[in-house]
Amino acid sequence: MGLAYERHGTGPALVLLHGVGHRRQAWQPVLDLLTPHRTVVMVDLPGHGESPPLRTDGRPAIRAIAEEILAFFDALGLDRPHVAGNSLGGGLALAAGARGRAATVTGLSPAGFWANRWQYSYARAAFRFARQAGAVARPLVLALARMPATCGVTQAAFVARPSNITPEHAVADTLAFLRARDVIDAILADRETFDQPVPASVPVTIGWGAKDRVLPPSQARLAMGRLPHARFVPLPGCGHVPMTDDPRLVARVLLEGSDR
């Protein structure tokens, strides 16, 4: 069984990779803005959404996911698509670029640029707390997610504008996060740092939410040092999942990043 995915639109292929505990529908807010210009491929990472569980076979979890994504490219006949990702997905997009498997790379708050051990410990604790709290208080969390007045509360740690979230998406995101608990634990056990060189022939765009509370914008400075030819774009008013906060801005960054 392969990874679950959707393909929409017309034009050059743009593969979109979501973050830890999320699902391919994270990109839904920008989809209609992209499809007139790109063939958009949204995929559930292994162990997430509707994709099968991750099989590490002794490999670190993030490395195993990266290799499955490249195998997914092969299965779809995508030699060097444009690749974009958020958080973990941003780190995976950069890894694809480093391996020569991406025509362009766009990372939105990409993971792997830890300035110190404390930053990683904080991010790991935030995800673990969310997972454990959701498991223990599942009926309460789902009840909050189903009500328009409170549905944004369930995602407030990850977005700057919770009012943009609908109850339908809040419930689906919460259930997806809870179902992904095994792969979340495997990923959090793997302190992956991105230090691979991306060839200068692969255009890289990095966007960072100014209000990102999971991976602070200060990490962008470290990314700038490791990716000297990258273009950096601030995302004002956006949190860790900027597609929800400002779809038009993010769609513009994705289109410009995959047009370089």
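Which residues is Ser258 in contact with, leaving aside its neighbours within four places in sequence? Ser258 is in contact with Leu14, Arg38, His82, Thr104 and Thr106, where contact means heavy atoms within 4.5 Å. This residue lies in the segment after helix H10 (247-257). Ser258 is buried, with a relative accessible area of 5%; buried means under 20% relative accessible area, exposed over 50%, and partly exposed in between, with a 1.4 Å probe and protein chains only.

The structure is a predicted model, in which local features need pLDDT of at least 70 and side-chain atom pairs count only at pLDDT 80 or more, while totals for chains, interfaces and linings use all residues. Residues are numbered from 1 along each chain as its sequence is written, and side-chain values use heavy atoms, with hydrogens and water left out.

The overall form may be considered next. The protein has 10 helices and seven strands; these are DSSP runs numbered from the N terminus, helices being H or I of at least four residues and strands being E of at least two. Its radius of gyration is 17 Å, close to the 18 Å that the globule rule gives for 260 residues, so the protein is as compact as a globular protein of that length. The radius is taken over C-alpha atoms, and the rule is 2.2 Å times the number of residues to the power 0.38. Along the principal axes, the C-alpha atoms fill a box of roughly 50 × 40 × 40 Å. Of the contacts with a separation of 6 or more, 72% are between residues 24 or more positions apart.

The interior and the surface follow. Of the 260 residues, 55% count as buried. The protein exposes about 11100 Å², of which carbon and sulfur atoms supply 55%; such areas come from the Shrake-Rupley method with a 1.4 Å probe.

In soluble globular proteins, nonpolar side chains tend to be buried together. Here the largest nonpolar core has 79 residues, of which Leu16, Leu34, Ile65, Phe73 and Leu227 touch the most other members. The largest share of this core, nine residues, comes from helix H2 (residues 61-75). A nonpolar core is a set of buried Ala, Val, Leu, Ile, Met, Phe, Trp, Tyr and Cys residues joined through side-chain atoms within 4.5 Å.

Beyond its neighbours within four places in sequence, Leu227 is in contact with Leu94, Phe113, Phe194, Val198, Val204, Ile206 and Phe232. Phe194 lies in the loop between helix H7 (181-188) and strand E6 (204-209), and counts as buried at 5% relative accessibility. With neighbours within four places again left aside, the contacts of Phe194 include Gly91, Leu94, Phe113 and Leu227. Phe194 and Thr174 are 20 residues apart in sequence and 28 Å apart in space, C-alpha to C-alpha.

Helix H7 itself contains Ile187, which counts as buried at 4% relative accessibility. Not counting residues up to four places away in sequence, Ile187 touches Val20, His48, Ala61, Ile62, Ile65, Leu88 and Tyr120.

His48 is also among the contacts of Gly19, together with Asn86, Ser87, Leu88 and Gly89, when neighbours within four places in sequence are left aside. Gly19 lies in the loop between strand E2 (13-17) and helix H1 (28-34), and at 5% relative accessibility it counts as buried. The C-alpha atoms of Gly19 and Gly85, 66 residues apart along the chain, are separated by 7.5 Å.
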